[in-house]
Amino acid sequence: MVSTQMKSRRWDPVVKLTHWSIVLAVLANAIVTEEGSAAHVWVGYALAAILALRLLWGFVGPAEARFSAFPPSPRRALAHIREIRAGTVSEHASHNPLGALMVYAIWSCLLVIIATGIAMAGLPGSGERHEEGARTVSAQTVEADEEEAGEHREGGEHEEGPLTEVHEVAANLLYVLILLHIAGVIFETRRSGRQVVLAMLPGHR
Ligand code: HEM
Ligand code: HEM
């Protein structure tokens, strides 16, 4: 975790690409697309796919991208805060322990947003819940699918409220986390003197 040789963090292309794609997708759905529109839902599916790739990468990617390189540890986060107070700076091959907590918080929030979003809109190809007659499932899956859909629909009428609510609250929480995340990145850049943001940009490996 703590490396003496590494002068700046290194992120592989998958971490960089998924980071900036997630940023784009979140901005698109927070600012550009109309809430619940087809565009919003498709950006949402794309976001889900990108996040899935990043999470898979957490198991099979290079050392610094793996979950094992930045375990969620309140104890180490506290130790990191003590370090900040003491004015010492140590090297981390991956996210620092405080940053790691933020990363897991952001991912958790995204997962809640994606889960509630998909619960409202359905899986791609399963037919939009909000549109009529758009079912495109194959004949074999119709039966099982309908059983499931029926179950969902039944509760769906009533559950749309709570799902929308959770989706919205999680989105608002995400915005707060993002502001803290950017503040943390700026703080860490100043404190450590390292080019934290450059390390996340293309060409700085
Ligand atoms: C970070 C990404 C996202 C953000 C910031 C976001 C944000 C929002 C917001 C603020 C609303 C309005 C909630 C309300 O009416 O109170 C909304 C609605 C909705 N979102 Fe998302 N969303 C995101 C991702 C997704 C995903 C991944 C899906 C599904 C694949 C999705 C599907 C929907 C649907 C279906 C609605 C309409 C809810 C309704 O009108 O009942 N969203 N979204
Ligand atoms: C929608 C807004 C954003 C979201 C959801 C977000 C989310 C994340 C996530 C999940 C990570 C962990 C990356 C990984 O391990 O895969 C991360 C890291 C990082 N983000 Fe963001 N980010 C956002 C905006 C930004 C912005 C605007 C900047 C630049 C100022 C930025 C700079 C960074 C940097 C430098 C790291 C690496 C931190 C480290 O060295 O430990 N992010 N971000």
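Begin by selecting Y104, which counts as buried at 19% relative accessibility, where buried means under 20% relative accessible area, exposed over 50% and partly exposed in between, computed with a 1.4 Å probe on protein chains only. This is a predicted model, in which local features need pLDDT of at least 70 and side-chain atom pairs count only at pLDDT 80 or more, while totals for chains, interfaces and linings use all residues. Side-chain values use heavy atoms, without hydrogens and water, residues are numbered from 1 along each chain as its sequence is written, and chains are lettered from A and ligands numbered from 1 in the order in which they are written.

Among the eight aromatic pairs of the structure, Y104 and W107 form an edge-to-face one, 5.7 Å centre to centre with 85° between the planes; rings of Phe, Tyr and Trp (its six-membered ring) pair if their centres lie within 6.5 Å, and planes over 60 degrees apart count as edge-to-face.

Now move to the iron atom of ligand 2, coordinated at 2.0 Å by H19 (NE2) and H181 (NE2), donors being N, O and S atoms within 2.8 Å of the metal (3.2 Å for Na, K and Ca), with water not among the atoms, so sites may look incomplete. H19 lies in helix α1 (residues 13-32) and H181 in helix α5 (residues 139-192), so the pair ties together parts 162 residues apart in sequence. H19 is partly exposed at a relative accessible area of 23%, and H181 is partly exposed at 26%.

Conventions:
Helices (H or I, at least four residues) and strands (E, at least two) are DSSP runs, numbered from the N terminus. Rings of Phe, Tyr and Trp (its six-membered ring) pair if their centres lie within 6.5 Å; planes under 30 degrees apart count as stacked, over 60 as edge-to-face and the rest as tilted.
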